[in-house]
Amino acid sequence: MTQTPVSLFVNPAAGRGRTRRRVKRILDIFANSSIDVRVFESRGVGDLERTVYERVGAGDKRIIVAGGDGSIHEAVNGIMTAGLGAALGVIPSGTGNDFAKAGAIPQHWEQATQLLADRLAGDVISLSIDLGRMNDRYFANGAGIGFDAEVTRVARSYRLPIGDLVYLLAIIRCLVDGIAVPEVEISGDGTELRDFVAGPSTLGLARWKGPVTLVNVSNGPWIGGMFHIAPMADHSDGRLELLVAAPVTRRRILNLLPKLMRGAHMDEAEISHASVRRLRIEASVPVPSHLDGEVQPPAQTFEIEVLPGALRLL
C-alpha cells in the first residue's frame, strides 16, 4: 500500500460530462490495488490548476488527472509553476485526448487507470517528457496560432455529444465565417529554420515573413482528436515541430482535411515545416491562439521554446 494518498484531480465536465460518471469506477480500480486516493473536483476553468499548484506546494509528489487535454494543460501549469518536480499520471477522459495519443497511455480510461494503479503499487516512474512554453504558459501537446485556434474556440462553444466530430463542425463554421490570413514574422535560433526560409539570416537568426492561414508548434503528433498534424513529433526528442500553412481557399481546406487526418499533408505545397528549439512569432495584428486546446487571449508576440525532459510521467 502506498505510504501517502495520491491526489486525483477530476474535471467532471470533461468528455461532455462523461468523466463525472466514471469517478466511482476509477476509485474502485485504485482501491482494488490498495492505492489510497483523495479526490479534488474542478469547479471551473483555472480551478484545477490552482489546486494542483497548492497541493504540490504542500508536498504532493504524485498528481493524477482524470479529464481531457485542457485538464492536463492546467495540471502541467500547476506542477511547473510550483517547481517541485511532482510527477503526473493521466486518465484520458476528454473529447480529443491528444496527449494520451502521443505516448504509451491507453486510450480507454479504465485501462489507463489500471496501468496507473499498477505503476503506483510498484512505485514506478514511467519516463520524462519535453514540454513547451509560450510566453508565460506551458503546454504539453501543442500551440496553435491563427485558423486552428479559431476552430478550437468555436469547438469549445459547442456542447453537442458528438465527440471529435465537434472539430469538423467547428471547421465548417469557421469556413463560413471566413479565413483570416495575418502576416507573421518567424525567427529561430541559429540555422534551425534554414530548410524553412528562403531569405538570408540576420544576426544569427533565420527569419521568414509572410501571410499565413495558421502556425502550429507541436510537441505531440495530434490535435483535435482526429488530426495527425505533426506525424514526426516526439515529446522526448528535445525539439518542437513548426508547421506553417500558407493562405488557402475554403475549397482547398476541405481538400486538405482528409490528408491532415491521415498525416499525409506534409508534402503539400502550402505546408512548410522545421524542427526547432526556440522561436519568436510576431503577427501584424492581434491573433487568436491556443495551448493544448485552451484558447488564449489574442496577442501579437509569441515567444516559444522547448523544455527538454521537464515533466515526469507516472
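Asn135 sits in the loop between β5 and β6. This is a predicted model, and in it Asn135 has a positive phi of about 55° although it is not a glycine. With a relative accessible area of 36%, Asn135 is partly exposed.

**Loop residues**

- Asn97 is another residue with a positive phi, about 55°, although it is not a glycine.
- You'll find Asn97 in the loop between β4 and α4.
- Asn97 has 11% relative accessibility, so it counts as buried.
- Asn141 belongs to the loop that runs between β6 (137-139) and β7 (142-146).
- Is Asn141 buried or exposed? Its relative accessibility is 5%, so Asn141 is buried.
- Not counting residues up to four places away in sequence, Asn141 touches Asp98, Phe99 and Ala102, along with Ser218, Asn219, Gly220, Trp222, Ile223 and Asp292.
- One of those partners, Trp222, is 81 residues from Asn141 along the chain, yet their C-alpha atoms are separated by 7.9 Å.
- Ser33 has its place in the loop between α1 (18-32) and β2 (37-41).
- Setting aside residues up to four places away in sequence, Ser33 touches Gln114, Ala117, Asp118 and Ala121.

**The nonpolar cores**

- The largest nonpolar core has 26 residues, and the ones touching the most other members are Val52, Ile63, Val76, Ile79, Leu88, Phe99 and Leu311.
- Which elements each supply at least two residues of this core? They are α2 (47-57), β3 (62-67), α3 (69-82), β4 (87-92), α4 (98-102), β5 (127-134) and β15 (294-313).
- Helix α3 gives the most to this core, with 6 residues.
- Take Leu88 as a close-up: leaving aside its neighbours within four places in sequence, Leu88 is in contact with Ile63, Val65, Ile72, Ala75, Val76, Ile79, Leu311, Arg312, Leu313 and Leu314.
- There's also a second, separate core of 25 residues, and its members include Val151, Leu214, Val248 and Ile253.
- As general background, nonpolar side chains tend to be buried together in soluble globular proteins.

**A closer look at Leu131**

- Leu131 is part of strand β5.
- Its relative accessibility is 0%, so Leu131 counts as buried.
- Beyond its neighbours within four places in sequence, Leu131 is in contact with Val76, Met80, Phe139, Ala140, Asn219, Glu305, Val306, Leu307, Ala310 and Leu311.
- Arg38 is 93 residues from Leu131 along the chain, and the C-alpha atoms of the two are separated by 27 Å.

**Helices α2 and α3**

- The axes of α2 and α3 come within 8 Å and cross at roughly 35°.
- Their crossing is right-handed.
- On the α2 side, the contact is made by Asp47, Leu48, Glu49, Val52, Tyr53 and Val56.
- On the α3 side, Ser71, Glu74, Ala75, Asn77, Gly78, Ile79, Thr81 and Ala82 take part.
- Sorted by class, this α2 and α3 contact has 7 nonpolar, 4 polar and 3 charged residues.

**Helices α6 and α7**

- Helix α6 (residues 147-157) packs with α7 at an angle of about 115°, and the axes are 8 Å apart.
- This crossing is right-handed too.
- Phe147, Glu150, Val151, Val154 and Ala155 of α6 meet Val166, Tyr167, Ala170, Ile171, Arg173, Cys174 and Leu175 of α7.
- How do the residues of the contact of α6 with α7 divide by class, and how many are charged? There are 10 nonpolar, no polar and 2 charged.

**Helices α7 and α8**

- Helix α7 (residues 165-177) also packs with helix α8 (residues 250-262), at an angle of about 165° and with the axes 10 Å apart.
- From α7, Leu168, Ile171, Leu175 and Val176 meet Arg250, Ile253, Leu254 and Leu257 from α8.
- The contact of α7 with α8 has 7 nonpolar, no polar and 1 charged residues.

Technical notes
Residues numbered from 1 in each chain as written. Predicted model: local features only at pLDDT ≥ 70, side-chain atom pairs only at ≥ 80, totals over all residues. Heavy atoms only, no water. Axes fitted to C-alpha atoms, helices over the stretch in contact; angles between N-to-C directions. Helix = DSSP H or I, 4+ residues; strand = E, 2+ residues; numbered from the N terminus. Contact = heavy atoms within 4.5 Å. Nonpolar A, V, L, I, M, F, W, Y, C, P; charged D, E, K, R; others polar. Core = buried A, V, L, I, M, F, W, Y, C linked by side-chain atoms within 4.5 Å. Buried < 20%, exposed > 50% of the residue type's maximum accessible area, 1.4 Å probe, protein only. Left-handed = near helix turned anticlockwise from the far one by under 90°.
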